[in-house]
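Student: I would like to go through this structure and ask what the terms rest on.
Tutor: Here it is, and then we start with surface area.

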Amino acid sequence: MNTKVTIAGVELKNPVMTASGTFGSGMEYGEFVDLNKLGAVVTKGVSNVAWPGNPTPRVAEVTGGMLNAIGLQNPGIGVLVEEKVPALKKIYGGAVIANISGFSLEEYSECCRQAAACDGVDIVEVNVSCPNVHNGGMSFGTDPKAAAEVISAVKKCCAKPVIAKYIQRVIQNGL
C-alpha cells in the first residue's frame with residue numbers, strides 16, 4: 001500500500017509524524033519506537049539562543065488531562081543543527097521538520113537561517129504561538145498582520161519549505 005504524502009513539496013513515506021514539542025529532537029525516543037516507521041520527525045521548538053523555560057513545577061493534572069507551561073525550554077538552534085539533527089539522521093532516514101520560535105522578527109530570522117543551512121532539515125516549522133515582546137506579550141499568531149510579518153521575514157532567509165504552527169491558548173472555567 002502506498003502511503004506517501006507530500007507536504008510543502010517534501011515527500012514523506014507516510015503521513016504519520018510527531019507533534020512539535022512532544023518528541024524532543026527525535027533520537028531520544030529511538031530506543032522506544034522505530035523512528036523509521038514515521039513519515040517525519042518534528043523537533044521540539046528552538047530559539048536563537050538556549051532558553052531555560054519556566055521554573056518548576058510546570059505540569060499540573062486536571063480533570064480530563066493536564067496543563068503544562070514548559071516555557072519553550074530548549075538548547076538553542078546551534079545545538080539543534082550542529083548536534084541533535086546530525087545524531088537523529090544517523091538512526092532515522094525520514095524527513096525532519098525543525099520547529100523554530102522567537103520573540104522578535106530578528107530572532108525568527110536567525111533561527112530560520114541556521115535551520116535552512118542544516119542539510120538534515122527538510123522543512124522549517126515556524127511557531128507563531130510565541131509571545132511578541134514588542135507588542136505587549138501578545139502571540140504573533142493572534143494578529144494576522146504580525147503572523148504574516150513573521151512568515152514573510154522567515155521566507156526571505158529560507159529556500160526550504162516553511163509551514164506555520166499556531167496553538168490557541170484557551171482558558172475556561174477559571175483554569
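Tutor: Accessible areas come from the Shrake-Rupley method with a 1.4 Å probe. The model is predicted, and for its protein chain the accessible surface comes to about 9600 Å². Carbon and sulfur atoms hold 55% of that surface.

Student: What makes a residue count as buried, and what share of the 175 residues in the protein chain is buried?
Tutor: Buried means under 20% relative accessible area. Buried residues make up 41% of the 175 residues.

Student: What makes a set of residues a nonpolar core, and how many residues has the largest one?
Tutor: Its members are buried residues of listed nonpolar types, joined through side-chain atoms within 4.5 Å. The largest such core has 38 residues. V154 is among those with the most contacts inside it, as are I77 and Y92. Elements giving two or more residues to this core include helix 1 (77-91), strand 6 (95-100) and helix 3.

Student: Which residues does V154 touch, leaving out those up to four places away in sequence?
Tutor: V154 touches I100, Y108, C112, V126 and V162.

Student: How do you know how helix 2 and helix 3 are packed?
Tutor: Two packed helices are described by the angle between their axes and the distance between the axes. For helix 2 (residues 105-117) and helix 3 (residues 144-156), the axes come within 9 Å and cross at roughly 35°.

Technical notes: Residues are numbered from 1 along each chain as its sequence is written. This is a predicted model: local features need pLDDT of at least 70, side-chain atom pairs count only at pLDDT 80 or more; totals for chains, interfaces and linings use all residues. Side-chain values use heavy atoms; hydrogens and water are left out. Axes are lines fitted to C-alpha atoms, for helices over the stretch in contact, and angles run from 0 to 180 degrees between N-to-C directions. Helices (H or I, at least four residues) and strands (E, at least two) are DSSP runs, numbered from the N terminus. Buried means under 20% relative accessible area, exposed over 50%, partly exposed in between (1.4 Å probe, protein chains only). Contact means heavy atoms within 4.5 Å.
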